[in-house]
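Let's take a walk through this protein chain together. Have a look at the sequence and the fold below, and keep them handy while you read.

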Amino acid sequence: MSNTLKYAEQQCDAIEAPCSAIEKILSPRVADLGGFSVRRLLPTAKQRMVGPWIFFDEMGPADFPAGEGINVRPHPHVGIATVTYLFEGEILHRDSVGSYQPIRPGDINLMVAGRGIAHSERERPEVTAKDHRLHGLQLWLALPEEQEESRTGIPPLSR
């Protein structure tokens, strides 16, 4: 399935006149991460999870001038997997097991990070050398208890 829309945000008339198929309407919390914003839809007080999905984040859209960009330092994720999908821009995923993977629009990056694995999300110098834009999603998946400390990485999938 492909999304041909240029922008993810679309008008929703359900707020004024909800239909019976809509159970809840959630509003994201916005966090400024220094130069760009992330809207976190899950969890909220109204909805902790949707199935195994525990976090649902939209990053950007953010415009960066040359010399600036994202620089998320190495950090662990234990007991979860992340799915990253970009509409615009590029993120460089690196981790402590040696993965070095640029994530570009249309790619799906699935990261399983068990015990002892740390990763960072940055941009390559070629990207930060010029004005650029970043917009994407990151969904966080709670792993089954028996897989929470898995060190099994799953390689990124491309179109």
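Let's start with a pair of charged side chains: R124 and E90 meet in a salt bridge, with 2.4 Å from N to O. (A salt bridge here is a side-chain nitrogen of Lys or Arg within 4 Å of a carboxyl oxygen of Asp or Glu.) This pair links distant parts of the chain: R124 sits in the loop between β9 and α1 (125–128), E90 in the loop between β5 and β6, and they are 34 residues apart. Are these two buried or exposed? R124 is buried, with a relative accessible area of 18%, and E90 is buried too, at 7%. (Buried means under 20% relative accessible area, exposed over 50%, and partly exposed in between, using a 1.4 Å probe and protein chains only.) The pair also belongs to a network of salt bridges that links E90, R104, R124 and E126.

A quick word on where this comes from: residues are numbered from 1 along each chain as its sequence is written, and side-chain values use heavy atoms, with hydrogens and water left out. The model is predicted, so local features need pLDDT of at least 70 and side-chain atom pairs count only at pLDDT 80 or more, while totals for chains, interfaces and linings use all residues.

Now step back to the whole chain. Its secondary structure comes to one helix and ten strands. (Helices, H or I with at least four residues, and strands, E with at least two, are DSSP runs numbered from the N terminus.) Read along the sequence, the pattern is β-β-β-β-β-β-β-β-β-α-β. Of the 159 residues in the chain, 34% are buried. Among contacts with a separation of 6 or more, 67% are between residues 24 or more positions apart. (Contact means heavy atoms within 4.5 Å.)

How are the strands arranged? Six of them form an open sheet in the order β1-β2-β3-β10-β5-β8, with antiparallel pairing. (Two strands pair if DSSP finds at least two bridges between them.) At the edges are β1 (29–32) and β8, and each pairs on one side only. On average, neighbouring strands of this sheet are turned by 20 degrees against each other, direction ignored. (The axes behind such angles are lines fitted to C-alpha atoms, for helices over the stretch in contact, and angles run from 0 to 180 degrees between N-to-C directions.)

Let's look inside this sheet. Strand β3 (residues 53–64) runs antiparallel to β10, and nine bridges join them; M59 stands opposite G136 in β10. On to β5, which is joined to strand β10 (residues 132–142) by eight bridges, again antiparallel, and here I80 stands opposite A142. Strand β5 (residues 80–88) also pairs with strand β8 (residues 108–113) in the antiparallel sense, over six bridges, with I108 as the bridge partner of Y85.

Salt bridges turn up here as well; the structure holds seven. One of them joins the side chains of E58 and R39, at 3.1 Å from N to O. E58 lies in strand β3 and R39 in strand β2 (residues 37–42), so the pair ties together parts that are 19 residues apart in sequence. Both E58 and R39 are buried. Another salt bridge is formed by R133 and E88, whose closest N and O atoms are 2.9 Å apart. This pair links R133 in strand β10 with E88 in strand β5, 45 residues apart. R133 counts as partly exposed at 26% relative accessibility, and E88 counts as partly exposed at 23%.

There is another sheet to visit. Four strands form an open sheet in the order β4-β9-β6-β7, with antiparallel pairing.

Let's finish with E121, which lies in strand β9 (residues 118–122).
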